[in-house]
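Biologist: I'd like to go through this one piece by piece. Can you put it up?

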Amino acid sequence: MSASATYPLPGQGGGALGPGGEQGPPPVRRAAKRVLPGFNITLGFTLFYLCLIVLIPLSALLLKTFTLTWPQFWEAVTAPRVLASYRLTFGASLTAALVNVVFGLLVAWVLVRYTFPGKKIVDALVDLPFALPTAVAGISLTALLAGNGWIGQYLEPLGIQLAFNPNGVVIALIFIGLPFVVRTVQPVLEDAEKELEEAAMCLGATRWQTFVRVIFPAIAPALLTGFAMAFARAIGEYGSVIFIAGNMPMISEITPLIIISKLEQYDYAGATAVATVMLGISFVLLLVINALQTWQRNRSGG
Amino acid sequence: MKHFARTALAALILAASHIAFAQTSLLNVSYDVSREFYKDLNTAFVAHHKKATGKDIKVDQSHAGSSAQARAVADGLEADVVTMNTTTDVEFLASKGVVAADWAKRFPHNAAPTTSTMLFLVRNGNPKGIKDWDDLVKPGIQVIVVNPKTGGNGRMAYLAAWGSVRAKGGTDAQAAEFVSKLYKNVPVLARGGRDATGIFLQRNIGDVLVTFESEVVSVDKEFGAGRVDAIHPSVSIVAENPVAVVERTVNKKGTAAEAKAYLDFLYSDEGQEIAAKHNIRPRNETILKKYSAALRPIKLFTVNEYFGSLSEAQKVHFNDGGQFDKLYTQGK
């Protein structure tokens, strides 16, 4: 007993120093020991780095917006052209992200579950939209889909126009968003335990039940993440879209183009006002998606 | 010995790089489609400068959209001179104190050594028979123009269309009606001058492209001569290409004299002739006449005649809520 009083064991706290046998005040616990060292310094660095890379530029954006009065701000962000552009940007991004969820899942599924000749090449192809300069994507898609393009020339007689209208915007956004869904779902699908599916089969589940009850809950969080990333990327996309959109006011102007056109008239404050609104909406949407994810994980994990 | 050799070599390299650094160089920040013109002009200027002063000089070029360039210079791009295609871009720099407030008076002709004008490019043989502005608003004609919100080319096309009505004795109301009819015939608004050319020639959209006269040369060069015919309308606009010395940079670098010499060279017979060869209208009447086959004499009006000034026009027509926005938001 006395030995323990003289040489308190590490982690036991100062309370143990009291006279042996006596019930002293409850031991004061030091901050929980972490397994990995260097928490403080890495947290400090993380905060510093995030400030430098993300928060400072964003606060500059906000500060510039503050040079406007409220009525000016409101006028800048609710002009009919700007409202139409929000509808297009968020609507097209949502559509494109949803399409990508369906077909991205399909691609990931095929890449994980089956082996076939040339699989490595197909796998690499998925990443191309990442690597390609987006302007190149926009120009090539336009060349394909315009009325005189390879594909467009057969569609135009049928009355289907895919370039120079909102359809083109959605197509460009599907193109650039695909890798996000595939690459987030793929590793999760790879890790999914085949035994669970086999067990489900053995217990008499139909294929559909196995997919909905067993596989889908496991990959849903990854799918949501992929969706969120594809969606966020699509909202900010400029390079590929402007070539295929046709950029008609009220019809096919995306919000980033509105920002650029405000800069063209040296309306910095107006441009940042629109950017701030976009940022706000995107942030809220991403928060909602994150919350959904947590909720989903808790539900399936519980 | 080896050590000595190495030190000597290092010293030599240092000295050489120092000499290279000591050579005066100018940075000309200019608009997108002037690349070829300034490439030729710079070669001529370097030779001219060597002959006049005996000193070597180097001229670097930077090209992008006119107002994007102006913003870059305002934000600190170390241009010695700016050579733009829209007066408002230089005025913006003057408002930031980067160029002199009276920049327009520092050089002759409103500090615009060259001009251009808006004309029509139609498909070879002019199948739709487009001759003048009135033909653009006929039903079934598709017109390709640049979005005035995103490009100086588009602003000039819009003002040229508006002014064409005024020049024929019409009122502003009639001009507004004409312009609104014209933009109803526009299937795609291009983002910039080169984008418009691409839509017209690569995508094969539209019957007529309204663009700068100076674009004709590059169209012929890139897409092959004979693809398009240039149609000069009966009346069009004078689009000035303003130039200015960037005081902020030349004061720091001590290149004021060279920068002025460079811009002066644009006004010289040699400089004016090079401009004319690139289908840019020189101010020099004799040289303009010499190239009248391409730079046809048509009735021209200035922006100031009908719009007060370009910045005035910007406010009334192109800023948010202006006349151009009304074309697209009315009745919606």
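Biologist: In which sense do strand 5 and strand 8 of chain B pair, and over how many bridges?

Modeller: Strand 5 (residues 118-123) and strand 8 (residues 208-212) of chain B pair in the antiparallel sense, over 5 bridges. Strands here are DSSP runs of E of at least two residues, helices are runs of H or I of at least four, and both are numbered from the N terminus. Two strands count as paired if DSSP finds at least two bridges between them. This is a predicted model, where local features need pLDDT of at least 70, side-chain atom pairs count only at pLDDT 80 or more, and totals for chains, interfaces and linings use all residues. Residues are numbered from 1 along each chain as its sequence is written, with chains lettered from A and ligands numbered from 1 in the order in which they are written.

Biologist: Which residue in strand 8 of chain B is the bridge partner of B:Val122?

Modeller: B:Val208 is the bridge partner of B:Val122. B:Leu121 stands opposite B:Leu209.

Biologist: And strand 6 of chain B, how does it run relative to strand 8?

Modeller: Strand 6 and strand 8 of chain B run parallel, joined by 2 bridges. B:Val208 turns up here too, as the bridge partner of B:Val143.

Biologist: What is the strand order of the open sheet in chain B?

Modeller: The order is 7-6-8-5-9, in an open sheet of 5 strands with mixed pairing. Strand 7 (189-190) and strand 9 (228-231) of chain B are at the edges; each has a single partner strand, so one side of each has no neighbour in the sheet.

Biologist: What packs on the sheet?

Modeller: Helix 10 (residues 193-201) of chain B does, touching strand 5, strand 6 (143-146), strand 7 and strand 8 of chain B. Its direction makes about 155° with that of strand 8 of chain B. Such angles run from 0 to 180 degrees between N-to-C directions, with axes fitted as lines to C-alpha atoms, for helices over the stretch in contact. Contact between residues means that their C-beta atoms, placed from the backbone, lie within 7 Å.

Biologist: Is strand 8 of chain B buried or exposed?

Modeller: Buried: this holds for 5 of the 5 residues of strand 8 of chain B, so the strand is largely enclosed by the rest of the structure. A residue is buried if 20 or more other C-beta atoms lie within 10 Å of its own, exposed if 12 or fewer, and partly exposed in between, again with C-beta atoms placed from the backbone.

Biologist: Switching to chain A. At what angle do helix 10 and helix 11 of chain A cross?

Modeller: The axes of helix 10 (residues 194-202) and helix 11 (residues 207-236) of chain A cross at roughly 145° and come within 10 Å. The contact involves A:Leu196, A:Glu197, A:Ala200 and A:Met201 of helix 10 of chain A, and A:Thr210, A:Val214 and A:Ile215 of helix 11 of chain A.

Biologist: Where is A:Ala163?

Modeller: A:Ala163 is in the loop between helix 8 (152-155) and helix 9 (166-191) of chain A. A:Ala163 is buried, with 28 other C-beta atoms within 10 Å. Not counting residues up to four places away in sequence, A:Ala163 touches residues including A:Thr142, A:Leu145 and A:Ile244.

Biologist: How many residues of chain A are in contact with chain B?

Modeller: 21 residues of chain A, in contact with 21 residues of chain B. Helix 13 (255-264) of chain A is one of the elements giving two or more residues to that side of chain A, and gives the most, with 4 residues.

Terms used:
Two residues are in contact if their C-beta atoms, placed from the backbone, lie within 7 Å.
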